Amino acid sequence: MTIAVSPQALPALVLNADYRPLSYYPLSLWSWQDAIKAVFLDRVNIIAEYEHSVSSPSFSMRLPSVVSLKTYVQPTRHPAFTRFNVFLRDRFECQYCGSRDELTFDHVIPRAHGGQTTWENVVAACSPCNLRKGSKLPKQAGMFPSQRPYPPTVQDLHNNGRLFPPNYLHESWMDYLYWDTELQP
Ligand SMILES: [Zn+2]
């Protein structure tokens, strides 16, 4: 799979020193400018390259598509609380009826009742369910999420993410994105 994109959009997949992506969600990507800067600062190894090159009068090089850090960075165990990651944790399904259409976010304990915007209180909900629940408590509405909302680990999201690959994946990234979970239960 090769996707036609402009040279400005040729990001490098960034791997940790153990050849796993530095982060999955969001996927660790650097702009080609940052990737080249890191090459010249001797912070990364080039693992794979694009066909595209950049050149100036004094030098020419192919843009890196995969780089690995020379120094191992301890990865964060818990991914960032973002809209995308909430959807991913909930597998892009309404937590009340299972629909995948018109997804929005629902505060299980409504904000009007002091509910917070946290992993433990926000779930994916379709628009009709969200409207039906309104600012009622789960008991008042008789609506309870199908799974108790929780702060996922990177591994949790990674397992779900395999069902929903990102839109842009360069072929040279594939070896580094999926091999590690193939080997683990
Ligand atoms: Zn629903």
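Guide: The answer below begins with the metal site, continues with selected strands, helices and a loop, and ends with confidence. The model is a predicted one, in which local features require a pLDDT of at least 70 and side-chain atom pairs a pLDDT of 80 or more, whereas totals for chains, interfaces and linings use all residues. Numbering starts from 1 along each chain as its sequence is written, and side-chain values use heavy atoms, with hydrogens and water left out.

The zinc ion is held at 2.3 Å by the SG atoms of Cys94, Cys97, Cys126 and Cys129. A donor here is an N, O or S atom within 2.8 Å of the metal (3.2 Å for Na, K and Ca); since water is not among the atoms, a site may look incomplete. Along the chain, the zinc donors are spaced as C-x2-C-x28-C-x2-C. The angles between the four donor atoms run from 103 to 114°, so the arrangement is tetrahedral; that label requires four donors with all angles between 85 and 135 degrees. Ideal angles for four tetrahedral donors are 109.5 degrees. Buried means under 20% relative accessible area, exposed over 50%, and partly exposed in between, with a 1.4 Å probe and protein chains only.

Turning to the strands, strand 4 (residues 60-69) has eight buried residues out of 10. Helices (H or I, at least four residues) and strands (E, at least two) are DSSP runs numbered from the N terminus. Strand 3 (residues 44-55) runs antiparallel to strand 4 and is joined to it by eight bridges, and a hairpin of four residues connects them. Val54 has Met61 of strand 4 as its bridge partner. Strand 1 (residues 12-15) is parallel to strand 4, with three bridges, and Leu13 stands opposite Val66. Pairing requires at least two DSSP bridges between two strands.

Helix 1 (residues 32-40) buries Trp32, Ala35, Ile36, Ala38 and Val39. These residues cover an arc of only 160° around the axis, which places them on the same side of helix 1; the arc is taken from the directions between helix axis and C-beta atoms. Their cover includes strand 1, strand 2 (29-30), strand 3 and strand 4, while Lys37 and Phe40 are exposed on the other side of the helix.

In the loop between helix 4 and helix 5 lies Thr153, which is buried because its relative accessibility is 16%. Beyond its neighbours within four places in sequence, Thr153 is in contact (heavy atoms within 4.5 Å) with Arg77, His78 and Pro79.

As to confidence, the average pLDDT, a per-residue score from 0 to 100, is 86 for the protein, and 89% of the residues score at least 70. Over residues 179-185 the pLDDT is below 50. Where pLDDT is low, the predicted coordinates should not be read in detail.

Key: Four donors count as tetrahedral if all angles lie between 85 and 135 degrees; four count as square planar and six as octahedral if opposite donors are over 155 degrees apart and all others between 65 and 115; anything else is irregular. pLDDT is the predictor's confidence in each residue, from 0 to 100.
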